[in-house]
Amino acid sequence: MSELRFDGKVAVVTGAGHGLGRSHALLLAERGAKVVVNDLGGALDGTGASAGPAAEVAELITKNGGEAVASTDNVATPEGAEAIVRTAVDSFGRVDIVVNNAGILRDKSFGKMSVEEFDAVIAVHVRGSFLVSRAAFPHMKEQRYGRIVNTSSPAGLFGNFGQANYSTAKMGLVGLTKTLGIEGARAGVKANAIAPIAWTRMTESLLPAEFEEKFTADRVSPLVAFLAHESCETSGEVFSVGAGRVARVFVAEGPGWRTDDLSIEAIRDNWDAIMTEQPYLQPTTLGEQATASMKAML
């Protein structure tokens, strides 16, 4: 079997100073990619900043024979996102891969969560992924090639107590990924998302202690690398990954129930049929969903 490599490719990895992002950056560099290691260097809640984490990872890549530069620009601002991509272009001449991994936590139960705590998490996860992808997108379109990997979460897909802000952000990234997959298709730009389960500084207070040994970051990064590789033709999809297991996650719609005389009482009386899951429909675009709904009416 031939080894999948990234020689000649340039990757931007955000939030790459610790945990998953660090693991992604190291693996891509090990396989030949030139890497922009971006990390603001702040605390888990997004406060503070330090050049140390990004510089340490970039130095490690260089020490191991790879090529990398550090970036401490803020993904959540247009200027910061543009600067991250400009670092790639100025340093290495192009940008082929964007791995949107930067994130913060401000966990609170819904009744106690402030507007600022909600907005801050949305700003880094969703706005940051949008801004960095937007900055890279024109370069990818011009070269007719690009790979974007976003970082969702099981918390977004299935919900999690105390994480209304984080869950909202992570499900928002699913919508962003699917739309990028559609809009990037003609330009050769593929976009996918991962929903990882990994023991990192962001999850160590949420996951059982026994997860630490098996749910390591380096058992997530191979999926990120494959989705970022030129041989991967899949786009607009979401994958659960953790402890060596990889599974496609998809949105489906049940067969439903319809009537020409819809009323509150009719919905009540046919609720079991409405809740039925099989046989499910799996539209991949809004148009497909609308078409399926029209067919169900005939």
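1. In this predicted model, the buried residues of helix α6 are N165, Y166, S167, A169, K170, L173, V174, L176, T177, L180, G181 and G184. Elements that cover these buried positions include α4, β5, α5 (154-158), β6 and β7 (238-242).

2. The length of α6 agrees with expectation: its 21 residues, at 1.5 Å a residue, should span 30 Å, and the C-alpha atoms at its ends are 30 Å apart.

3. The largest nonpolar core has 33 residues, of which V12, V95, V98, V132 and I148 touch the most other members. At least two residues of this core come from each of β1 (10-14), α3 (78-92), α4 (115-143), α6 (164-184) and β6 (189-196). Helix α4 gives the largest share, 9 residues.

4. V132 may be inspected as one of those core residues. Beyond its neighbours within four places in sequence, V132 is in contact with T14, V75, A81, I84, V85, V98 and N100. Another core, of 32 residues, lies apart from the largest one and has A29, A54, V99 and A198 among its members.

5. Which side chain of opposite charge is nearest to R147? That side chain is E233, at 4.3 Å; R147 is buried yet has no salt bridge, because a salt bridge requires the charged atoms to be within 4 Å.

6. The side chain of R147 does reach a backbone oxygen, that of H229, at 3.1 Å. When neighbours within four places in sequence are set aside, the contacts of R147 are D96, I97, V98, M140, G188, K190, L227, A228, H229, E230, C232 and E233.

Note on methods. Residues numbered from 1 in each chain as written. Predicted model: local features only at pLDDT ≥ 70, side-chain atom pairs only at ≥ 80, totals over all residues. Heavy atoms only, no water. Buried < 20%, exposed > 50% of the residue type's maximum accessible area, 1.4 Å probe, protein only. Lys, Arg positive; Asp, Glu negative; His and termini not counted. Polar contact = N/O pair within 3.5 Å; in protein donor to acceptor, adjacent residues only side chain to side chain. Contact = heavy atoms within 4.5 Å. Core = buried A, V, L, I, M, F, W, Y, C linked by side-chain atoms within 4.5 Å. Helix = DSSP H or I, 4+ residues; strand = E, 2+ residues; numbered from the N terminus. Expected span 1.5 Å × (residues − 1).
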